[in-house]
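Please examine the protein model shown below.

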Amino acid sequence: MKQPIWTPSEERIENANMTRYMKDLGRRLGDQFNSYHELYQWSVENIEKFWASIWDFSEIIHSKKGDRILEADGMWGAKWFQGAKLNFAENLLRYRDARPAMVHWAEDQPPIRYTYHELYDRVARCAEGLKHLGVKKSDRVTGFIPNIPEAVIAMLATTSLGAIWSSCSPDFGFQGVMDRFGQIQPKVLFSADGYSYNGKWFDSLERVRRISEQIPSLKKIVLISRNETSGSQSIPKAMAWDELLSNSAKDVRFEQLPFDHPVYIMYSSGTTGAPKCLVHGAGGTLLQHHKELMLHTNLKREDGILYFTTCGWMMWNWLVSSLAVGATVFLYDGSPAYPDISILWKAAMEEKVSVFGTSPKFLTACENSGIKPREQFDLSALKTVLSTGSPLSTKNFEWVYKNVKEDVQLSSISGGTDIVSCFMLGCPIIPVYSGEIQCRGLGMKVETADDSGNIVANQVGDLVCTAPFPSRPIYFWNDPDN
């Protein structure tokens, strides 16, 4: 019989958010859940009750809860929390104290830190600046931007107004940006003048200038200066980040909007024609991210979470939702191997990261380099390692437990841009088996289908989700007939 590579201690199980949720749910239902398997089965057999419980457990900030949880007419006809009113950014900005909200490391700059109070202050001024530019509900605001604090601030300011945020990484070429932003016709574009990667400076201004000329809907380009030698005089419609924030706004007025009001536009890969524009709703994104971060990742206020990502990948959106839990979000901008492959482990030590998010590619590169993070760095704060992007091999599992930490939950997670979340994840109260994903996500009726569409077990097939869930795309952009 296969033996687990890691088993959570009794103390860890007892203190897990998942355990607290199971106990709370049991008290309210008069039921007792003795295992994750029992909880999962209940969640997919009682979908309305489950998602209502996530709303309550997450303490979703709202002005109106609505009177109906689910109106189901198949997967695509499903409507969630009809009548509810809320704001996405308000839920991510529920904390406004002196605890650390964001830490940013870059190759070419010293660390930057924001408390929750400082984050709220900058979002207030950024939102006021966007209002002065005429941004309103349902307008599109875009970021051609590195993984920097200004990206998070701009996203929160945008969504506080009920406008829609969409971002691309600055390593995208001009056509890659146009294939995406050209379809959604944004009103404002945020961009840095460039970025540093692998010790080299890459200028973004020429692409920004061309973008400003090719997207007629753009009223203003907000430039964030990261290199004093770069000049922005040749960029039409440009203004500086500091100028946008040069107002005295102290409070954010959070626009109260329907559950499915658009919050993000994300994109398919573009391998079969132009990228498809996937529009995600605020409420479904909030519920899924709360569930995945609090329950499956066991994220708490005292934690720091790092996920190596860019603003062009859905893991950035997922990472930033950690603000709703009150954790410290670690943003890294640059190469994960500069000046050497140990930089992220060094960051994890210095910033006391408890959740470290990465990919099999990175872990394999670490193994090939011969580094042993547990011998070089104090990783006592580290509780969980997450990996996605491709399957995590048995060798990857073994390397982590031998060379990173013995007592760590290693979670291979799998989802996608199409649901801005996960189908399968980790679980802090059950064992980890080498080469396996720990579990299916709560409320996600994930099954295997054969070529004829029959649900099968213990054989190769297609991964399908056969019951409605709130984070499916609400629609595709410019697709009125669905």
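S217 is found in the loop between α10 (205–214) and β12 (220–224); helices (H or I, at least four residues) and strands (E, at least two) are DSSP runs, numbered from the N terminus. The model is a predicted one, in which local features need pLDDT of at least 70 and side-chain atom pairs count only at pLDDT 80 or more, while totals for chains, interfaces and linings use all residues. Residues are numbered from 1 along each chain as its sequence is written, and side-chain values use heavy atoms, with hydrogens and water left out.

**S217 and its surroundings**

- S217 counts as buried because its relative accessibility is 18%; buried means under 20% relative accessible area, exposed over 50%, and partly exposed in between (1.4 Å probe, protein chains only).
- Not counting residues up to four places away in sequence, S217 touches Q185, P186 and K187, where contact means heavy atoms within 4.5 Å.
- The side chains of S217 and Q185 make a polar contact at 3.3 Å. A polar contact is a pair of N or O atoms within 3.5 Å; within protein, one must be able to donate a hydrogen and the other to accept it, and residues adjacent in sequence count only if both atoms are side-chain atoms.
- S217 and V188 are 29 residues apart in sequence, and their C-alpha atoms are 8.4 Å apart in space.

**S354, a serine in another loop**

- S354 lies in the loop between α14 (343–350) and β19 (355–358).
- With a relative accessibility of 4%, S354 counts as buried.
- Its side chain makes a polar contact with the side chain of D303, at 2.9 Å.
- When neighbours within four places in sequence are left aside, S354 is in contact with D303, G304, A381, L382, K383 and T384.

- L344 lies in helix α14, and L344 is buried, with a relative accessible area of 1%.
- Leaving aside neighbours within four places in sequence, the contacts of L344 are with L306, F308, Y332, P336, F356 and F362.
- L344 and C366 are 22 residues apart along the chain, and their C-alpha atoms are separated by 11 Å.
- P339 lies in the loop between β18 (328–333) and α14.
- The peptide bond from Y338 to P339 is cis, with omega near 0°.

**T394 in helix α17**

- T394 lies in helix α17 (residues 394–403) and counts as partly exposed, at 39% relative accessibility.
- Not counting residues up to four places away in sequence, T394 touches S434 and G435.
- T394 and S434 are 40 residues apart along the chain, yet their C-alpha atoms are separated by 5.5 Å.

**Residues with a positive phi**

- E59 has a positive phi of about 55° although it is not a glycine.
- E59 lies in the loop between α4 and β1 (62–64) and counts as exposed, at 57% relative accessibility.
- N198 also has a positive phi of about 55° and is not a glycine.
- N198 lies in the loop between β10 (194–197) and β11 (200–203), and N198 is partly exposed, with a relative accessible area of 43%.

**Packing of α7 with α8**

- Helix α7 (residues 116–132) packs against helix α8 (residues 149–160) at an angle of about 60°, with their axes 8 Å apart. That angle makes α7 oblique to α8.
- Axes are lines fitted to C-alpha atoms, for helices over the stretch in contact, and angles run from 0 to 180 degrees between N-to-C directions.
- Angles under 35 degrees count as roughly parallel, over 145 as roughly antiparallel, 65 to 115 as roughly perpendicular and the rest as oblique.
- L119, R122, V123, C126, A127 and L130 in α7 meet I153, A154, L156, A157, T158 and S160 in α8.
- The residues of this contact comprise 9 nonpolar, 2 polar and 1 charged; Ala, Val, Leu, Ile, Met, Phe, Trp, Tyr, Cys and Pro count as nonpolar, Asp, Glu, Lys and Arg as charged, and the others, Gly among them, as polar.

**Packing of α2 with α4**

- Helix α2 (residues 17–29) and helix α4 (residues 47–58) pack at an angle of about 115°, and their axes are 11 Å apart.
- From α2, the residues N17, R20, Y21, D24, L25 and R28 meet F50, S53, I54, D56 and F57 in α4.
- By class, the contact of α2 with α4 has 5 nonpolar, 2 polar and 4 charged residues.
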